[in-house]
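Here is a short briefing for a first look at this structure. Keep the 3D view open while you read.

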Amino acid sequence: MDNRHQQNIATTSRLILRPLAPNDCRRLYEYRNQPDVALFQGWTPETPEEVSNYATEMQSRDFAAAGHWYQVVVSLNESSLNEDRNIIGDMAFCIDTETNQQAELGIALDQQYHGKGYAKEASEALINFLFSEFNLHRIHISVDPQNIASQKLWEKLGFRYEAHLKKAVMFKGAWCDDVIMAILKEEWLKRN
Ligand SMILES: CC(C)(COP(=O)(O)OP(=O)(O)OC[C@H]1O[C@@H](n2cnc3c(N)ncnc32)[C@H](O)[C@@H]1OP(=O)(O)O)[C@@H](O)C(=O)NCCC(=O)NCCS
């Protein structure tokens, strides 16, 4: 197994970002099924096992293998005996197979941790990691136009609105609009 699956991806003053592991399954299953979290999320696991199976599958591939979503756990940077209780959410990225130089990003936090700046802190750390670790040129987000909190988050991080696609995504049985927001590496570096 690629040993980077066991290493932290980033740390911030309040958070640790690390690859998803099978033992994280209960927490992810729990908050990803909260109504406010599931509302705009493509992945709402039906069982904790679905999450642990995904983690096992992810770890069987190369670290951050292109064409696959790589799931990253976001936890509070505090020591605790019950480590999985520190998990406040997750992020994911998928590097494109055509160029290996673009990635899509996603995020979901437990609703009790919304509005505390954690999403911005975690996203900043993951974007720094992605631009420095891989030869990425551009990172983009696909977001439901009704998801204001998400658009505000990316806007605050310097992402530009690039497109509003009409009824372009089949989501929970209906055709939905899709907003694309993006940032180039040079824009990110200038912002920092
Ligand atoms: C999207 C999500 C991660 C945002 O998390 P959050 O806790 O609101 O984010 P933060 O507290 O880090 O806030 C980030 C910025 O957005 C702003 N913001 C968030 N919601 C806002 C709103 N409804 N109106 C105006 N500004 C808002 C915050 O003020 C903050 O800006 P600041 O740093 O200038 O103060 C969270 O709502 C979530 O997990 N939702 C469910 C899953 C989801 O929809 N994911 C997105 C899929 S694309």
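A residue counts as buried if 20 or more other C-beta atoms lie within 10 Å of its own, as exposed if 12 or fewer do, and as partly exposed in between. V37 has 18 other C-beta atoms within 10 Å, so V37 is partly exposed. The model is predicted.

**Around the ligand**

- The ligand is surrounded by 23 residues.
- H114, A119, K120, A149 and K152 are the closest of them.
- Four elements each supply at least two residues of this shell: β5 (102-109), α4 (118-133), β6 (138-143) and α5 (148-156).
- Which element gives the most to the shell? It is α5, with six residues.
- By class, the shell holds twelve nonpolar, seven polar and four charged residues.

**Helix α3**

- Helix α3 covers residues 48-60, which is 13 residues.
- At 1.5 Å a residue, α3 should span 18 Å. Its end C-alpha atoms are 19 Å apart, which agrees.
- V51, S52, A55 and M58 are buried in α3.
- Seen down the axis of α3, these buried residues fall within an arc of 120 degrees, so they line one face of the helix.
- E49, E57 and S60 are exposed on the other side of α3.
- The cover over the buried residues of α3 includes α1 (25-32) and β3 (70-76).

- Helix α4 has 16 residues and should span 22 Å at 1.5 Å a residue. Its end C-alpha atoms are 22 Å apart, which agrees.
- The buried residues of α4 are Y118, A119, A122, S123, A125, L126, I127, L130 and F131.
- In soluble globular proteins, nonpolar side chains tend to be buried together.
- The largest nonpolar core here has 45 residues. Those that touch the most other members are L17, V72, M91, A122, L126 and L130.
- Helix α4 brings the largest share of this core, eight residues.
- Which residues does A122 contact, leaving aside its neighbours within four places in sequence? They are L15, L17, V74 and M91.

- Most residues other than glycine have a negative phi.
- A64 is not a glycine, yet its phi is positive, at about 60 degrees.
- A64 sits in the loop between α3 and β3. With 22 other C-beta atoms within 10 Å, A64 is buried.
- N100 is not a glycine either, and its phi is positive, at about 65 degrees.
- N100 lies in the loop between β4 (87-95) and β5.
- Is N100 buried or partly exposed? N100 has 14 other C-beta atoms within 10 Å, so N100 is partly exposed.

**H68**

- H68 is in the loop between α3 and β3.
- H68 has 16 other C-beta atoms within 10 Å and is partly exposed.
- Not counting residues up to four places away in sequence, H68 touches R61 and C94.
- H68 and Q102 are 34 residues apart in sequence. Their C-alpha atoms are 13 Å apart in space.

**V37**

- V37 belongs to helix α2 (residues 35-38).
- V37 touches Y31, R32, A108 and Q111, not counting residues up to four places away in sequence.
- How many residues apart along the chain are V37 and M58? They are 21 residues apart, and their C-alpha atoms are separated by 23 Å.

**Y113**

- Y113 is found in the loop between β5 and α4.
- With 16 C-beta neighbours inside 10 Å, Y113 counts as partly exposed.
- Y113 touches I88, G89 and Y118, not counting residues up to four places away in sequence.
- Y113 and I88 are 25 residues apart in sequence. In space they are 6.6 Å apart, C-alpha to C-alpha.

Notes:
Residues numbered from 1 in each chain as written. Predicted model: local features only at pLDDT ≥ 70, side-chain atom pairs only at ≥ 80, totals over all residues. Near = placed C-beta within 6 Å. Nonpolar A, V, L, I, M, F, W, Y, C, P; charged D, E, K, R; others polar. Expected span 1.5 Å × (residues − 1). Arc of directions from axis to C-beta. Contact = placed C-beta atoms within 7 Å. Core = buried A, V, L, I, M, F, W, Y, C linked by C-beta atoms within 7 Å.
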